[in-house]
There are 4 protein chains.
Amino acid sequence: MIYKRKVQFYETDAQGVVHHSNYPRYFEEARGYYLEKIGYPYEKIRNDLNTDIVLLELQIRYKKALYFGDSFEIKLGISDMDKIFFSFDYSVLKGDTVIATGRTKHACLNRKTRKIISIPHILRLKLNGT
Amino acid sequence: MIYKRKVQFYETDAQGVVHHSNYPRYFEEARGYYLEKIGYPYEKIRNDLNTDIVLLELQIRYKKALYFGDSFEIKLGISDMDKIFFSFDYSVLKGDTVIATGRTKHACLNRKTRKIISIPHILRLKLNGT
Amino acid sequence: MIYKRKVQFYETDAQGVVHHSNYPRYFEEARGYYLEKIGYPYEKIRNDLNTDIVLLELQIRYKKALYFGDSFEIKLGISDMDKIFFSFDYSVLKGDTVIATGRTKHACLNRKTRKIISIPHILRLKLNGT
Amino acid sequence: MIYKRKVQFYETDAQGVVHHSNYPRYFEEARGYYLEKIGYPYEKIRNDLNTDIVLLELQIRYKKALYFGDSFEIKLGISDMDKIFFSFDYSVLKGDTVIATGRTKHACLNRKTRKIISIPHILRLKLNGT
């Protein structure tokens, strides 16, 4: 799936490029878009499944810079999933140039107990694209 | 009262200066420091008084820029208070140079009803420095 | 002119609403959109006119809250302009509800000297919608 | 080395905890503190050595949450260094509890050519604590 975005001025830093702490935010936006597109936006996950998705691990490799006004794409998909954990892979692209790659690992929490639970069956099916 | 701070790199933008959206954050930090110093930190206001402080208005005049690594001070105090509303005035100073001035206007909410209430008597006394 | 936006999760705070320091960022996005639509995006202003636009004053009145996932609009326009200064007025709207209103005051700098200059004639015409 | 910090309200999100995108910022603050303590603050690296330090890789494992008002420590040190690359390891601690761990990988750029260079000899010595 592909999420499109433009660099905002307030995301740049004094080296003239997008500050690295914005990439986790871009990934979060892209995940939100992904969940929406598969029919399970956050609020549905929260309300229908009584579940919060949490972030356990984050990895980013920065290869090139993004500049104010740049249009870019984030290509993302599920790279790994078992009963408990699932991961997204991301490529940040400006045209054909790979700006950065990343991975995030997640689990589901019961919203009341705040304990990790198995990924709800229906969500697993959706994440798998089935 | 005076709150001291240093500019972080992630607060700068591509013009090489602190991005203007960080000043409301600096003011928030300074208010938190102020409330702590008068013996009513946020958590005490929340827990003992069952009250949230909300921001109603914000004004900032930007005169000079702050740069990465700059040490600066925020001079702040209560500029106005009646039964319901109170305001803080701020001066952002680098040495003797006025970088910016600002004002924020606040009210108190009952945490359960989320309705505006009179400023709790004890908090009003503390804010007045009496 | 109207700029449309959605609230991102990372823009919320522990009171469950959009943190107030994001509104200056929303205004900046809306201004960028405005300048693009009148045919003078920042880079054209910078490169063709050798000019930087700076922010001198910011005012915001917060009336209601925005929540994660909310879609909202920013209605903006030039509210004031003379030879040196110009201001934008903003209304943040969720449906028919006014969430916040704001104003920003700006001037133009010569990019080399960093001195305030008259608003370039062509930019003034564009800002005036003529 | 240990860097101390307090959670600011604007760093929290609607789950009531510090948003994950603030950890790279905390690491950046801690690195700045580290470089200062070894006698090579950024501006000295920039001005004396004509060098910019860039971030190539970022990894974070989130184990527990931080809350508004929490005081925490970041324990950091050089975990790896060769002629070109060096890495920092981080532990975010609240008392004895490990909140998160992280690693960042860096290289040095010549400020004019923007090309990767060997780590300047004097900087390598300082980073090694020798």
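Chain A of this predicted model has an average pLDDT of 95. A score of at least 70 is reached by 99% of the residues in chain A. Helix α2 (residues 42-49) of chain A has the lowest mean, 91. Strand β4 (residues 85-94) of chain A has the highest, 98. For the complex, the predictor reports an ipTM of 0.95 and a pTM of 0.96.

The contact between chains B and C draws 14 residues from each chain. On the chain C side, two elements each give two or more residues: α1 (23-37) and β2 (51-62). The largest share comes from β2(C), with nine residues. By class, the side of chain C that touches chain B comprises six nonpolar, four polar and four charged residues.

Strand pairing also links the two chains. Strand β2 (residues 51-62) of chain B pairs with β2(C). The sense is antiparallel, and the pairing runs over five bridges. In one of the residue pairings, R61(B) has E57(C) of β2(C) as its bridge partner.

Elsewhere in chain C, Q8(C) sits in a loop. This loop lies between β1 (2-6) and α1 of chain C. Q8(C) has 16 other C-beta atoms within 10 Å, so Q8(C) is classed as partly exposed. Q8(C) and Y67(C) are separated by 59 residues in sequence. In space, the C-alpha atoms of Q8(C) and Y67(C) are 8.9 Å apart.

Key: Residues are numbered from 1 along each chain as its sequence is written. Chains are lettered from A and ligands numbered from 1 in the order in which they are written. This is a predicted model: local features need pLDDT of at least 70, side-chain atom pairs count only at pLDDT 80 or more; totals for chains, interfaces and linings use all residues. Two residues are in contact if their C-beta atoms, placed from the backbone, lie within 7 Å. Helices (H or I, at least four residues) and strands (E, at least two) are DSSP runs, numbered from the N terminus. Ala, Val, Leu, Ile, Met, Phe, Trp, Tyr, Cys and Pro count as nonpolar, Asp, Glu, Lys and Arg as charged, and the others, Gly among them, as polar. Two strands pair if DSSP finds at least two bridges between them. A residue is buried if 20 or more other C-beta atoms lie within 10 Å of its own, exposed if 12 or fewer, and partly exposed in between; C-beta atoms are placed from the backbone. pLDDT is the predictor's confidence in each residue, from 0 to 100.
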